[in-house]
Amino acid sequence: MPKTLLQIDWLTILIISILIGFGWVNIYSTTFVSEEEIIFDLSRIYGKQLFWIILGIVISIVILALESKFFERFASVIYIFAILSLIGLFIFGKTIAGQTAWYSFGAFSIQPAEFVKTAVALALAKYISEMDNDLSKFTSQLKAFAIIGLPLALIMLQPDAGSAVIYLSFVIPLYREGLPHFYITYGLLAVAIFILTLKFGFSIFAPVFVALFIIIYLFNRKKKPKLWRYILVLIFGLGFSYSVNFILNSVLLPHQKERFNVLIGETNDIRGAAFNLYQSEVAIGSGGWTGKGWLKGSQTQGRFVPEQHTDYIFSTVGEEWGFFGTSLVIILFSILILRLYHLAERQKSQFSRVYGYSVLAVIFVHFFVNIAMVIGLFPTVGIPLPFFSYGGSGLWGFLILVLIFLKLDAKRKSLN
Amino acid sequence: MRKLLPIILVSFAAFLFLIRLFYLQVLNESYDEVSNNISVRKVYDYPQRGYIYDRNGKLMVGNQPAYDVMAVPLEVKEFDTLELASLLKLTPKRLKIQLEKAWRYSPRLASLITPQLTKKEYAYLQERMHKYEGFYIQKRSLRDYNADHSANILGYIAEVGPGEISKNSYYQSGDLKGKQGVEEQYEEALRGERGVKHYLRDIHNKNIKPFKEGKFDTLSEKGSDLKLTIDAELQAYGELLMQGKRGGIVALEPATGEILSLITAPSYDPDLLVGRKRSRNFTKLYYDTIQKPLYNRALQAVYAPGSPFKALTGLVALQEGVVGLEESFNCYGGYSYGRGARMGCHNHPSPVEMVTGIAHSCNSYFAQIYRRTIEKYDTPQKGIDVWRKHMASFGLGDYLGYDLKVGRAGLLPDSDYYNKAYNYPTYEWYASATLSNAIGQGEVLTTPIQLANATAAIANKGWFYRPHIVKSIAGSPIEDEKYTTKQVTTIDQKHFEPIIQGMHDVFNYGTATYLRVPGIEVCGKTGTSENYTVVDGERMQLTDHSIFVAFAPKENPKIALAVFVENGYWGSRYAGRISSLMIEKYLKDKIERKDLEKWILSNTLEDEYAKPYSGEDFKINQ
């Protein structure tokens with residue numbers, strides 16, 4: 001243990017600590033009631049968060065104290081345990097706001113999905129690092145997807161579409177380990193088709209898409225491209241574009257569809273579907289360069305932004321700390337992710353590397369989706385900002401996720 | 001390449017976010033205002049409107065509390081429409097329309113839903129208001145009239161309309177603003193300054209704390225009290241005398257130009273236009289196109305001035321030196337001026353000179369001296385323009401500049417006017433063509449206040465102050481140069497003596513001997529003016545208007561007035577009697593000639609006014 005403390009990456013710890021601390025300061029602002037309050041008051045949101053943080057530190061120490069080989073060895077067991085915890089929700093879980101995502105213990109609830117990410121990351125790392133698995137092979141890809149897909153499906157059933165989006169992040173470690181390019185290319189293509197069709201409609205998108213394809217084909221003629229592949233992609237592309245409306249109307253739930261419409265500006269009902277985003281943008285927008293000051297944001301203090309202490313915590317930063325505050329958070333997250341990336345790349349063991357990649361990918365997707373949502377660049381998806389948003393499960397989940405990797409990194413010389 | 005993906009993703013995300021945040025927070029400044037709209041509530045404190053007193057300090061207009069129901073559309077939650085409508089005494093449809101209007105005005109700002117509940121209605125509603133989110137009650141003050149007269153002077157207050165709100169940023173939906181009369185003219189003094197407190201509020205619409213420690217708050221300032229120049233008793237008496245008649249009375253204090261009375265008949269009780277009954281009563285008054293109670297005849301009605309104008313004709317002739325005081329003219333029951341044209345005159349001793357000419361109101365005399373005035377100059381054009389300049393110096397032919405919003409310029413014809421009328425230079429025209437001006441019966445048109453002002457100028461022997469209705473604002477006398485600068489006429493002081501003597505003799509042996517006021521030296525002049533109306537496209541002559549101008553006492557005059565009574569026949573019949581009583585009332589403070597008063601109070605002209613609308617043939621001047 002003392003040795004671990006010397007070898008651990010203190011930069012990561014420092015950034016995480018700043019994020020947690022700054023996050024708590026903002027949670028306090030969104031939930032304090034009067035100025036003469038005790039900080040450690042468990043009946044208040046900020047008091048609870050302080051309790052989660054202290055317990056989080058204890059959990060972190062426990063993680064660091066564990067034998068580094070433990071994680072690789074027990075990856076499968078942890079994964080199975082995680083899957084069981086998700087299945088158990090359907091029997092023992094508590095339903096809040098239509099989602100059966102929590103185990104309830106009196107005043108406190110635990111959301112297993114927050115911990116399952118770690119289990120999936122471990123299982124994936126373990127699977128890929130096994131000798132005979134090669135991600136350029138279809139069967140290996142299939143098995144890898146199954147590891148991700150099983151918990152994903154269970155979470156979708158809760159239903160919690162927001163948390164499900166997070167599982168897309170595992171494509172990043174898979175890609176690093178040899179997943180063919182076209183998963184990324186076609187994945188991005190599908191997203192682009194979806195957004196463009198939504199924005200401009202099929203009748204405008206289709207001809208432009210066809211024309212673009214012909215141009216690309218003619219441009220690449222000298223390389224003798226396979227015509228059938230182009231035609232296949234074209235047909236699938238057009239088919240997908242054509243079915244966007246169907247997806248929107250039949251696959252997505254009405255409130256999800258509304259969220260897309262809000263994003264592309266189709267819906268402007270600032271009292272209804274667009275209320276959250278509007279209030280959030282107003283709060284952030286009115287912050288200016290330096291913000292209105294801690295506890296002085298009129299939108300925050302008026303509690304105009306719903307879910308401001310959880311998913312919309314970033315809007316508090318925007319209003320009370322201004323552009324300086326928001327850029328600080330953006331930069332801290334960027335440094336954190338790049339640092340994790342640096343750590344992951346220096347691993348000798350493939351298990352550690354895949355796991356490290358998973359960690360940075362999960363944090364990145366949370367960071368990206370959450371902030372993009374809060375500033376109006378992504379449809380409303382209920383996922384928290386790592387280390388920042390209120391919530392014990394989330395905080396502990398991320399601490400465990402990162403601390404395991406820091407432990408692996410500290411012992412990287414003995415692991416291979 | 002595969003290793004670069006995380007770096008690309010992170011750089012892309014950070015770059016995208018920083019740009020978007022820079023746009024939202026730094027470049028786009030509109031969010032600040034939006035944020036204030038959302039989270040800062042303004043609570044207004046409406047001050048009491050200034051009181052209005054008469055010249056003797058008698059309270060004419062005070063205030064009473066009233067309660068408006070307001071709504072902020074964005075905050076209105078679903079509610080029981082039927083129940084609220086019945087509470088507010090509105091139809092559900094009306095309530096819906098009001099809410100839609102409020103949305104159009106602003107979703108975030110409060111709009112008036114129904115105005116001016118009484119105290120009792122308020123007490124009942126107050127207990128139930130909490131059920132209706134987004135609605136609240138705003139206290140304001142309404143006018144409380146201490147007088148049933150002077151409606152046309154005072155004006156009224158009403159909610160500002162959308163047009164006024166967009167024109168003047170001070171006003172907001174539901175604000176009250178002076179309309180007409182003194183309320184409109186002195187709106188800014190009377191209304192005071194609205195105070196505002198800013199509160200931070202939360203999403204449940206609760207006030208959390210003062211916004212920025214009250215940095216932007218202002219205190220309300222009570223409206224300034226006005227002291228009018230009006231003598232409330234005289235005003236009330238004048239309105240009483242005018243009952244059943246149509247016309248106007250303007251009484252001035254010659255030394256100051258202060259308006260002692262400004263009466264228009266018919267009028268209405270100012271209390272009719274207070275509170276919720278206002279709009280219904282206003283509509284009634286507005287659409288009474290026959291009596292026109294909202295029309296201020298004292299300021300807006302233009303009449304031919306008739307014989308009182310002879311005094312001015314005499315003054316101009318004296319100033320131009322075209323007639324001597326002793327020079328006498330024979331009157332053969334009229335004056336013939338070429339090719340069968342003849343101006344008639346009534347029966348009176350002949351011959352006459354200036355003083356007796358006025359006393360007997362001899363048409364021939366004034367026609368001739370008028371003709372001499374015009375013909376003194378090479379061309380009638382020049383002559384008319386000189387004449388006009390003299391007349392204009394008495395405040396005729398243009399807006400007088402008094403401190404009330406409505407008025408008419410009247411008409412003093414000039415050479416251009418006649419050139420156009422006679423198609424000059426194709427056709428020539430001569431002094432004789434304008435001869436009716438001599439006796440106030442030609443193209444000349446005046447309003448009662450103009451004639452009263454000219455009378456005051458005669459009483460002062462050559463000068464006047466512009467008539468005005470406000471004496472002091474918040475205790476300090478008005479300082480507007482408009483009303484404190486002496487206006488001097490173009491007539492020398494010495495010429496006024498014989499004219500005033502003539503006007504005095506009107507009572508001694510002239511046309512108004514039975515109107516003498518015991519113990520007071522009154523000067524005056526009767527007048528009778530022909531007039532026409534058009535009913536259903538048919539022009540018909542009506543009974544003459546009865547006109548009288550007077551001032552008293554002769555030395556050091558305290559009151560000068562002009563009285564027009566529509567279709568009152570000859571001057572001394574109605575207008576003269578009323579003038580005489582007004583003077584007695586003002587100078588003696590009581591009426592001793594009860595018979596005279598009784599005659600006026602018991603005689604009305606309703607029958608006369610009904611004639612042209614009867615559809616039957618009728619006779620005039622009976």
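User: In what order do the strands of the open sheet of chain A lie?

Analyst: This is a predicted model, in which local features need pLDDT of at least 70, side-chain atom pairs count only at pLDDT 80 or more, and totals for chains, interfaces and linings use all residues. Residues are numbered from 1 along each chain as its sequence is written, with chains lettered from A and ligands numbered from 1 in the order in which they are written. Strands are DSSP runs of E with at least two residues, helices runs of H or I with at least four, numbered from the N terminus, and two strands pair if DSSP finds at least two bridges between them. The 3 strands of chain A pair in the antiparallel sense, in the order β1-β2-β3.

User: Which residue of β2(A) stands opposite K94(A)?

Analyst: β1(A) and β2 (residues 99-105) of chain A are antiparallel partners over 3 bridges. Opposite K94(A) stands W102(A).

User: Which helix gives the most to the side of chain A that touches chain B?

Analyst: Residues are in contact if their C-beta atoms, placed from the backbone, lie within 7 Å. The contact involves 35 residues of chain A and 31 residues of chain B. Helices supplying at least two residues each on the chain A side include α15 (275-285) and α18 (350-374). With 11 residues, the helix that gives the most is α17(A).

Definitions and conventions. Two residues are in contact if their C-beta atoms, placed from the backbone, lie within 7 Å.
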